Amino acid sequence: MAHKAGFVNIIGNPNVGKSTLMNAFVGEKLSIITSKAQTTRHRILGIVNGDDFQVLFSDTPGIIKPAYELQASMMDFVKSAFEDADILVYMVEIGEQALKDDAFFKKITNSKIPVLLLLNKIDTSDQQKLEAQVQLWAEKVPNAEIYPISALEGFQVKEVFNRIIELLPESPPFYPKDQLTDKPERFFINESIREKILLHYKKEIPYAVEVETEAFHEEDNIIRIRSVIMVERETQKGIIIGHKGNALKRVGVEARKDLEKFFGKQIHLELYVKVNKNWRSNQNQLKRFGYNN
Ligand SMILES: Nc1nc2c(ncn2[C@@H]2O[C@H](COP(=O)(O)OP(=O)(O)O)[C@@H](O)[C@H]2O)c(=O)[nH]1
Ligand SMILES: [Mg+2]
């Protein structure tokens, strides 16, 4: 059989389960997941390899109306996901009514490439509601194949994967067969730390944070990492560190545990906090953090 390979790009509203699905496909925690919207800021590639196929999944930020430069750049990642896709995976969740952007929605309904519409979180629904939802989406996106799934419980995930393999074009692989993603190790360190911040701080704090890993030294038995947590204002710095440094300590301990799992090695993680005034609105800073396409 000829080798198949292609780009399968996952798009949809914030919080519908896109990152959960990609991690389920890849079998690794490449994308961070929280119950907060805008957890995913970048386009993240997850590669699934078989003897005669290579699927290049892209997890993307949820679609929003951008309010500041960072969000505009996040939407550029979504735009690019339409451009190189061989298959579009459009994810909606039970109870959802419409995509948050009409132009993106038109791109889906006018798509010349196959569209799989995944109706996610059916574990939270009953049969009657589910059937009504399937009918609703069949009318809204007539060009799509609809699959009710639960990304969290793995229900129907394998079936979707098999269909993707069927639809993939014939092509040689794009990446070496032992590669899992196109992002460097430091990216996953930054993301693990950012995930803990999303989990433990309220309101706008997580959205004002960026993480940069300054040092990564691998020794025989341990990896020594130093990362800086960047905030926009002095007051945010105090909040991140917390009374007697306890809040920051918790972030460090939890991120370290995840990273030890990810790298399969003991980790020493040093964290500190720095003010980087209004980085979210500064083109140069955004570029430095990898938000330029
Ligand atoms: N009940 C249920 N929750 C889910 C399912 N898939 C994802 N979630 C939850 O929905 C939230 C958002 O998931 P995430 O993958 O970050 O969504 P994204 O913003 O689209 O990437 C998290 O709390 C997930 O645990 C599902 O199939 N069922
Ligand atoms: Mg996500």
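**Loops, sheet, metal and helices**

Trainee: Let's begin with Lys244; where is it?

Mentor: Lys244 is in the loop between α7 and α8. Helices (H or I, at least four residues) and strands (E, at least two) are DSSP runs numbered from the N terminus. Bear in mind that this is a predicted model, in which local features need pLDDT of at least 70 and side-chain atom pairs count only at pLDDT 80 or more, while totals for chains, interfaces and linings use all residues. Residues are numbered from 1 along each chain as its sequence is written, chains are lettered from A and ligands numbered from 1 in the order in which they are written, and side-chain values use heavy atoms, with hydrogens and water left out.

Trainee: Okay, and is Lys244 buried or exposed?

Mentor: Lys244 is exposed, at a relative accessible area of 70%. Buried means under 20%, exposed over 50%, and partly exposed in between (1.4 Å probe, protein chains only). Its phi is positive too, about 55°, although Lys244 is not a glycine.

Trainee: Which phi does Gln156 have?

Mentor: Gln156 has a positive phi of about 70°, and it is not a glycine either. You'll find Gln156 in the loop between β6 and α5 (157–167), partly exposed with a relative accessible area of 24%.

Trainee: Switching to the sheet: what's the strand order?

Mentor: Six strands make an open sheet, ordered β2-β3-β1-β4-β5-β6, with mixed pairing. Pairing here needs at least two DSSP bridges between two strands. β2 and β6 are the edge strands, each pairing on one side only.

Trainee: And how do β5 and β6 pair?

Mentor: β5 (residues 115–120) and β6 (residues 144–148) run parallel, joined over five bridges. The chain gets from β5 to β6 through helix α4 (residues 127–140), in a right-handed β-α-β crossover. Right-handed means that, with the strands pointing away from you, the path from the first strand over the helix to the second runs clockwise. Across the pair, Leu116 stands opposite Glu145, and Leu119 has Pro148 as its bridge partner.

Trainee: What coordinates the magnesium ion?

Mentor: Ser19 (OG) and Thr40 (OG1) do, at 2.1 to 2.2 Å from ligand 2. Donors are N, O and S atoms within 2.8 Å of the metal (3.2 Å for Na, K and Ca); water is not among the atoms, so sites may look incomplete. Ser19 belongs to helix α1 (residues 18–26) and Thr40 to the loop between α1 and β2 (44–50), 21 residues apart. Both Ser19 and Thr40 are buried.

Trainee: Last one, α6: how many of its residues are buried?

Mentor: 12 of its 16, so α6 is mostly covered. Phe187, Phe188 and Leu198 are among the buried ones. The cover includes β2, β7 (210–218), β8 (222–231), α7 (234–241), α8 (246–263) and β9 (266–275).

Trainee: What should α6 span?

Mentor: At 1.5 Å a residue, the 16 residues of α6 (residues 185–200) should span 22 Å, and the end C-alpha atoms are 24 Å apart, which agrees. The expected span is 1.5 Å times one less than the number of residues.

Note on methods: Contact = heavy atoms within 4.5 Å.
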